[in-house]
Each structure stands twice: as structure tokens, then as C-alpha cells.
Amino acid sequence: MARGVRGSRGSRSRARLRGAALPPLALLLVAATAGCGASGGSGGGSGDGTGPGPEKSRITVGTMPVADTAPLEMAMRKGFFKAEGLTVRTTTLSGGAESVSRLRAGALDISFGNYVSYFLAHANKAIDLRIVADAFQSAPRTHAVLVKKDSPVKSLKDLQDKKIGVNTKRNISALLVKKAGKAEGASFDDDKNFAEIDMPNMETALKAGSVDAVQAVEPFVSAIEKSGTGRVVADLGKPPTAGFPVAGYAATASFAEENPKTVAAFQRAMARAQKQAANRSTVVDTLPDYTKITAEQAAQLHLGGYPVVLDPARLRRVVALMREFGYLKRGIDVEPLLVRTGP
């Protein structure tokens with residue numbers, strides 16, 4: 001769904017989401033991201049919770065090296081956080097599971113992550129989460145299943161008894177494949193049909209034949225196609241998974257309750273950035289700044305949507321799909337998990 005920060009890089013270079021031999025575009029993306037950065041300033045906030053500004057003027061936000069997080073970068077670079085009295089430091093994560101673990105440990109104040117990981121963790125009582133901002137929804141070609149260029153596979157139905165590489169089992173990647181496959185009369189077993197492969201390694205796995213197909217996100221979809229290694233056999237950005245809510249920003253319930261002005265300031269800054277991201281050229285212009293993807297490469301990527309407000313009706317769609325395929329034993333009431341104190 002298709003997984004960039006500023007400042008020094010050093011702690012992490014592995015990207016799960018959205019290896020040894022990376023496709024050129026993927027290499028540029030991963031090499032550009034691995035550590036943490038900072039942006040913003042104290043602005044008008046007091047930082048101690050006693051004044052009109054945020055309770056905590058310096059926050060750490062988890063991010064991932066994908067186009068989904070372009071608005072976060074825009075908010076830092078354009079001073080949207082600074083205008084709200086926030087200094088934002090970012091830490092690059094490998095995927096949704098790490099987002100949850102770091103939030104739980106208190107290493108992050110707010111983090112980007114996929115909704116399936118968040119809802120699973122909350123349902124399993126691994127963490128008491130609150131969603132503070134929406135981030136990204138799918139669109140055509142942002143999430144796709146690819147096979148080798150010379151593969152005889154022509155549909156998901158043809159992959160029913162084969163192995164598909166996904167970023168993480170029992171997560172959003174497998175869930176989208178299962179839903180799209182069901183529409184074609186195909187069914188997939190989480191253990192038998194899926195193999196975990198880091199997103200940058202998917203082209204290598206496809207070349208080696210260790211899997212029959214991969215479920216990739218941008219920019220890896222474009223990279224695999226452009227290299228001639230693979231071709232798209234199923235576009236998961238089209239019905240029945242069109243416009244699917246992919247990811248958002250979350251905090252622990254305790255952080256949200258203890259820092260309502262901080263959360264509201266973050267929401268206002270992100271809402272400004274998400275709104276600007278509706279202009280494709282703004283996102284395309286931002287990507288080279290934090291990923292080392294060239295302007296030409298960025299212009300060729302397939303981009304999804306950047307919702308401005310949290311909509312419980314949209315997120316119930318995620319819960320419904322998780323229930324449909326047994327990822328959740330019982331439903332989740334989404335409404336209480338949303339913090340809507342922003343604009």
C-alpha cells in the first residue's frame with residue numbers, strides 16, 4: 001500500500017510494507033531512510049501544558065519510507081507543526097508491528113501504521129490505541145499482485161494453490177489478496193499460500209522463483225514492472241478493494257488523554273498537509289526531498305488518496321473485512337477509538 005525522514009540515518013534500513021538485490025527505484029527509497037530527524041519549533045506553545053499551546057511541544061513520530069507519509073514530510077518542511085507549537089522528531093519503522101511495540105514501550109508519541117495491525121493489537125489487548133489522524137487509502141495500482149513476466153498465471157484464481165509473497169502474514173497485504181481472490185472464486189490460506197518477504201526483497205524472490213507471486217505496494221510495483229521482472233496480475237486498488245483505508249496515525253489512549261492539546265495541534269497540522277496532498281504535484285515534488293527518488297521517478301508512481309478527516313464509516317470497512325476472513329473473532333466499535341478534537 002504501496003511503504004522517509006530527515007536528518008541523520010543509521011538505526012534502521014529494512015523496510016516492510018509498503019535484501020541483497022534491490023530494484024533501482026526501491027534501492028533509492030530504502031537507502032534514503034533509516035534513522036530519525038526533527039522539524040518544527042517551540043512556536044507559540046508553552047510545552048508544559050499550562051499555556052495555550054500543546055502540553056508536550058516536542059514529540060516523536062514513527063514513519064515509514066513510503067508515499068503514504070508524504071503529508072507528514074510536508075507538514076514538517078512547510079512549518080505546519082511549527083505554527084502549532086510543535087517540534088516533531090521522526091523515527092523510521094519497518095512496519096505495523098514495530099509501530100505497535102514502540103508505541104506500547106513509550107518510544108513513540110504518535111506513529112504511522114496500517115489499520116489492520118492497529119485493530120488487531122487493540123482487539124488482542126496488546127495495546128489500548130487511539131487513532132488521531134487518517135493517512136492513506138488505496139487507488140488503482142498502489143497495491144498489486146505481480147507474477148514473473150513469463151508466468152502462465154493470468155488471474156488470482158490461477159494462484160489458489162501457489163505461494164504469494166506478502167509483507168506480513170495475517171495483515172493488510174494478505175487481507176486484500178483474500179478479498180480480491182474471493183471475488184474471482186479463489187480462496188487462500190494464511191499459512192499455506194502466503195510467505196513473508198520484506199518489500200525490497202520481493203523482486204529478488206520473484207526472480208528466484210521462491211514464490212509464484214508477490215503482493216507489492218508503490219514504489220515497488222513500478223520498480224518490478226520497469227525492470228521487466230514482473231507484471232501485474234491483479235490490481236488491488238480496484239473493486240472490491242477500491243479506495244480501501246490503508247493507514248493512519250495512532251497514539252496510546254493514555255497519551256491522547258494526557259495530551260489533548262498536543263494531539264489537536266498534530267491533527268491541525270496534518271489536516272493542512274493532507275488537504276494539500278490532494279494536489280498530486282505537491283506529493284510528487286515532496287518525494288525526492290525525503291527519499292532520493294528522482295523527480296522523474298516520482299512523477300511515474302501511482303498515488304492513493306490522503307483523507308483529511310477521520311471517518312468511522314470508512315474504518316468500519318476495515319473491521320468488516322477483518323471479520324469476514326476471521327482476523328477478528330468479534331467486531332470492534334471504531335467510534336470510541338477515534339480522537340476527533342482537530343479541525
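Visitor: How do helix α4 and helix α5 cross, and at what angle?
Guide: This is a predicted model. In it, the axes of α4 (residues 96–105) and α5 (residues 115–123) come within 9 Å. They cross at roughly 45°.

Visitor: Why are α4 and α5 called oblique?
Guide: Angles of 65 to 115 degrees count as roughly perpendicular and those under 35 as roughly parallel. The crossing is at roughly 45°, so α4 and α5 are oblique to each other.

Visitor: Left-handed or right-handed, that crossing of α4 and α5?
Guide: Right-handed.

Visitor: Which residues meet there?
Guide: From α4, they are G96, A97, S99, V100 and L103. From α5, they are S117, Y118 and A121. By class, this contact has five nonpolar and three polar residues. It has no charged residues.

Visitor: Moving on past α5. Where does K125 sit?
Guide: K125 is in the loop between α5 and β5 (129–137).

Visitor: What is phi of K125?
Guide: Near 60°. That is a positive value in a residue other than glycine.

Visitor: Which residues line the largest pocket?
Guide: K125 is one of them. L120, H122, A123 and N124 line this pocket too. So do Y327, L328, K329, R330, G331 and I332.

Visitor: How much space lies in the largest pocket?
Guide: About 230 Å³.

Visitor: And what is its lining like by class?
Guide: Five residues are nonpolar, three are polar and three are charged.

Visitor: Back to helices. How do α2 and α10 pack?
Guide: Helix α2 covers residues 70–77, and helix α10 covers residues 260–276. The angle is about 110°, with the axes 8 Å apart. α2 and α10 are therefore roughly perpendicular to each other. Their crossing is right-handed.

Visitor: Which residues make the contact of α2 with α10?
Guide: On α2, P71, L72, M74 and A75. On α10, F266, A269, M270, A273, Q274 and Q276.

Visitor: How many of those are nonpolar, polar or charged?
Guide: Eight nonpolar, two polar and no charged residues.

Visitor: Now α6 and α13. What is the angle there?
Guide: About 75°. The axes of α6 (residues 172–183) and α13 (residues 312–324) are 10 Å apart. These helices are therefore roughly perpendicular to each other.

Visitor: Which residues meet between α6 and α13?
Guide: L175, K179 and K182 in α6 meet L321, M322 and E324 in α13. The contact has three nonpolar and three charged residues, with no polar ones.

Visitor: Last topic, the backbone. Which residues does a cis peptide bond join?
Guide: P239 and P240. Omega is about 10°.

Visitor: Where is P240 found?
Guide: P240 is in the loop between β10 (230–235) and β11 (245–252).

How values were computed:
Residues numbered from 1 in each chain as written. Predicted model: local features only at pLDDT ≥ 70, side-chain atom pairs only at ≥ 80, totals over all residues. Heavy atoms only, no water. 1 Å grid on protein atoms, 1.4 Å probe; cavity = no way out; pocket = protein on both sides within 12 Å on 5 of 7 lines; lining within 4 Å. Points joined across faces, edges and corners; volume = space filled by probe spheres on them. Nonpolar A, V, L, I, M, F, W, Y, C, P; charged D, E, K, R; others polar. Axes fitted to C-alpha atoms, helices over the stretch in contact; angles between N-to-C directions. Helix = DSSP H or I, 4+ residues; strand = E, 2+ residues; numbered from the N terminus. Parallel < 35°, antiparallel > 145°, perpendicular 65-115°, else oblique. Left-handed = near helix turned anticlockwise from the far one by under 90°. Contact = heavy atoms within 4.5 Å.
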